[in-house]
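Before going further with this model, I would ask you to read the points below with the coordinates open beside them.

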Amino acid sequence: MQRQLTAAGLLVVGRAAQDRIQRLSDISPLIEAAQRSNVVMLSERTVDEILTLVPTDDAIDAPATPRSEQATLPDPESHSAIGRTLAPVGTQVLAPPVRRYGLDHYSLDDFPMQAKDVDAEIEIHFDITGRSTTQGKMQDIRSCFSDRLSQIRQMMIAGRALPRRPISISEAWRNRQRHSSRDYEVTFVGLVSVDKWSKGGYLWFDIEDDSMQVRCMLKEPTGASSFHASLDGLMNDDVVGVDGHFNLNRDPYFVVSDIHMAPLGRHSKSAASESEAVSAAFLSDVHVGSKTFLAPQWEKMIEWFRTDPLARTVKYFVLSGDGVDGVGIYPGQERHLAIKDLFNQYGELARLLEGLPDWVDVMILPGNHDAVRPAEPQPALDPEVQQDYSDTVFVGNPCDFSLHGVRVLSYHGKSIDDFVAGLRSVTYSSPELAMRAMMERRHLAPSWGGKTPLSPEPEDRMVISTVPDIFVTGHVHGHYVGNHKGTTMVHSSTWQDQTDYQRMLGFQPKPCILTVVNLHTHATASIPFA
Ligand SMILES: [Fe+2]
Ligand SMILES: [Fe+2]
């Protein structure tokens with residue numbers, strides 16, 4: 001046994017752990033489960049925990065964790081009680097979800113209204129469907145960026161984010177002799193193109209407006225938070241305001257003393273009236289058609305909708321993109337598909353949603369796996385696809401809408417890929433920090449030419465012009481519910497299990513969690529079905 005454990009890179013710690021292990025007739029399931037859970041040290045406690053995951057005949061009193069050959073311990077860094085499952089659970093009979101009422105975060109008293117007693121009230125403020133006017137020409141691109149610059153500059157001026165009236169870069173440059181010392185600073189606003197951090201830890205970037213471009217150097221101010229641009233970085237094509245002076249050496253540049261993003265004050269949320277205290281449920285990335293779609297867990301959710309009192313309050317079911325896995329989205333996708341025909345995938349999604357009770361209205365946005373143009377803003381799914389669905393509103397991505405007066409901004413979240421690449425603070429396991437970054441710069445997808453294809457509409461509709469009450473994204477298959485400056489932030493969960501690609505990257509998704517938000521009280525509940 002010792003040899004087997006050592007060969008597997010596992011270290012047994014303590015006598016009690018040894019005893020536990022010696023009682024096992026076969027230790028290979030233990031070894032496999034430990035390796036799946038990235039456990040190296042086997043203490044008495046870890047052995048017990050791991051044994052709750054493996055199908056074993058040895059009599060150890062295990063809690064009611066589902067045993068399967070695929071289960072792992074929860075990711076220690078995720079702070080979540082939900083572990084991961086590497087593949088569909090198969091024939092396992094699923095227990096109904098635990099009704100954890102009476103907890104601070106999950107009180108049924110917060111959800112007194114029956115959804116069937118309230119008429120739907122959806123008001124769409126922005127949806128690109130049928131309104132895309134770009135021809136993708138240079139002129140359109142110029143107009144899109146100049147609109148972005150003027151929208152965000154206007155927000156900065158109106159929100160008093162700048163210490164003085166900004167002037168154009170060319171005007172500042174004309175008066176560079178005057179503005180060449182710290183005592184005569186000047187302020188301008190422009191679009192960023194990021195260069196790099198120099199050895200001394202300074203961030204170098206170019207800033208450009210309609211008049212000209214200038215090179216800037218940003219030094220970390222004392223006491224800067226890790227979100228400050230000097231430490232976190234900037235995204236290409238961000239709009240920023242800079243104060244500072246020119247250094248007029250042989251290679252002149254602008255020394256930035258302070259940098260300003262679009263203003264984002266504390267937001268006070270609107271609420272649905274007491275007589276409309278229904279809730280909205282959020283989900284994305286169902287990926288129907290993929291072999292890793294978690295069908296048994298979907299059935300469990302449908303059962304919950306039929307039986308749970310909380311489900312009777314759910315009036316809206318918002319699906320923020322990647323409803324199906326699509327076809328030809330990435331090379332070699334075919335071998336991961338259980339349904340290889342795109343229309344059949346949408347047909348199956350329609351069938352799955354048909355299981356929801358009839359008091360639920362569905363809203364569907366597209367994502368990067370869907371059968372619409374990938375360039376954002378993306379229009380709604382094709383009418384030919386839509387005809388299979390009942391009680392469903394199809395909108396574009398992103399979509400800015402209100403449910404009973406509560407303003408929701410739903411965006412699939414493709415640009416999170418760019419934020420992960422561009423900002424030091426953002427990782428795939430913290431998509432909420434990408435959402436925070438979007439809010440703080442009042443833009444959903446700033447970078448042109450990155451991983452997010454953008455459609456250069458003459459007005460930049462990816463600007464967050466109105467701060468939402470609820471901001472929702474998906475795409476990276478995590479899960480988060482929280483708050484940023486008064487806006488409820490939901491990173492909606494997926495219904496797809498870990499894919500080969502995610503496994504290769506060591507990424508653990510958080511599937512099968514339905515996020516429910518009460519539109520009157522803004523209380524939230526996250527219900528796990530995994
Ligand atoms: Fe997805
Ligand atoms: Fe996606």
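1. Leu365 counts as buried, at 1% relative accessibility, where buried means under 20% relative accessible area, exposed means over 50% and partly exposed lies in between, computed with a 1.4 Å probe on protein chains only. Leu365 lies in strand β11, residues 361–365; helices (H or I, at least four residues) and strands (E, at least two) are DSSP runs, numbered from the N terminus. Not counting residues up to four places away in sequence, Leu365 touches several residues, including Val318, Leu319, Val395, Cys399 and Tyr411, contact being taken as heavy atoms within 4.5 Å. Its C-alpha atom and that of Ser146, which is 219 residues apart from Leu365 along the chain, are separated by 28 Å.

2. A word on the basis of these values: this is a predicted model, in which local features need pLDDT of at least 70 and side-chain atom pairs count only at pLDDT 80 or more, while totals for chains, interfaces and linings use all residues. Residues are numbered from 1 along each chain as its sequence is written, chains are lettered from A and ligands numbered from 1 in the order in which they are written, and side-chain values use heavy atoms, with hydrogens and water left out.

3. Ala262 is placed in the loop between β8 (253–260) and β9 (279–283), and at 4% relative accessibility Ala262 counts as buried. Which residues does Ala262 touch, not counting residues up to four places away in sequence? They are Ile152, Met155, Met156, Glu440, Arg441 and Arg442.

4. Leaving aside residues up to four places away in sequence, Gln502 touches His477, Asp497, Phe507 and Pro509.

5. The largest nonpolar core has 65 residues, of which Trp298, Phe305, Phe317, Leu353, Trp495 and Leu514 touch the most other members; such a core is a set of buried Ala, Val, Leu, Ile, Met, Phe, Trp, Tyr and Cys residues joined through side-chain atoms within 4.5 Å. Beyond residues up to four places away in sequence, Phe317 has contacts that include Trp298, Phe305, Leu353 and Leu514, and Asp361 is also one of the residues it touches. A second, separate core of 22 residues includes Leu264, Met435, Ala437 and Met489.

6. The axes of helix α3 (residues 28–36) and helix α4 (residues 44–51) come within 9 Å and cross at roughly 100 degrees; axes are lines fitted to C-alpha atoms, for helices over the stretch in contact, and angles run from 0 to 180 degrees between N-to-C directions. That makes α3 roughly perpendicular to α4, since angles of 65 to 115 degrees count as roughly perpendicular, under 35 as roughly parallel, over 145 as roughly antiparallel and the rest as oblique. Leu30, Ala33 and Ala34 of α3 make the contact with Val47, Ile50 and Leu51 of α4. By class, this contact has six nonpolar, no polar and no charged residues, with Ala, Val, Leu, Ile, Met, Phe, Trp, Tyr, Cys and Pro counted as nonpolar, Asp, Glu, Lys and Arg as charged, and the others, Gly among them, as polar.

7. Helices α2 and α4 pack with their axes 7 Å apart, at an angle of about 30 degrees, and are therefore roughly parallel to each other. Here Ala16, Ala17, Arg20 and Ile21 in α2 meet Glu44, Val47 and Asp48 in α4, and the residues of this contact divide into four nonpolar, no polar and three charged.

8. The structure holds 16 salt bridges, each a side-chain nitrogen of Lys or Arg within 4 Å of a carboxyl oxygen of Asp or Glu. One of them joins Arg15 and Asp19 (4.0 Å, N to O), which both lie in helix α2 (residues 15–22), four residues apart, about one turn of the helix. Arg15 is exposed, with a relative accessible area of 62%, whereas Asp19 counts as partly exposed at 35%. The side chains of Asp117 and Lys116 also meet in a salt bridge (3.6 Å, N to O), and both residues are exposed.
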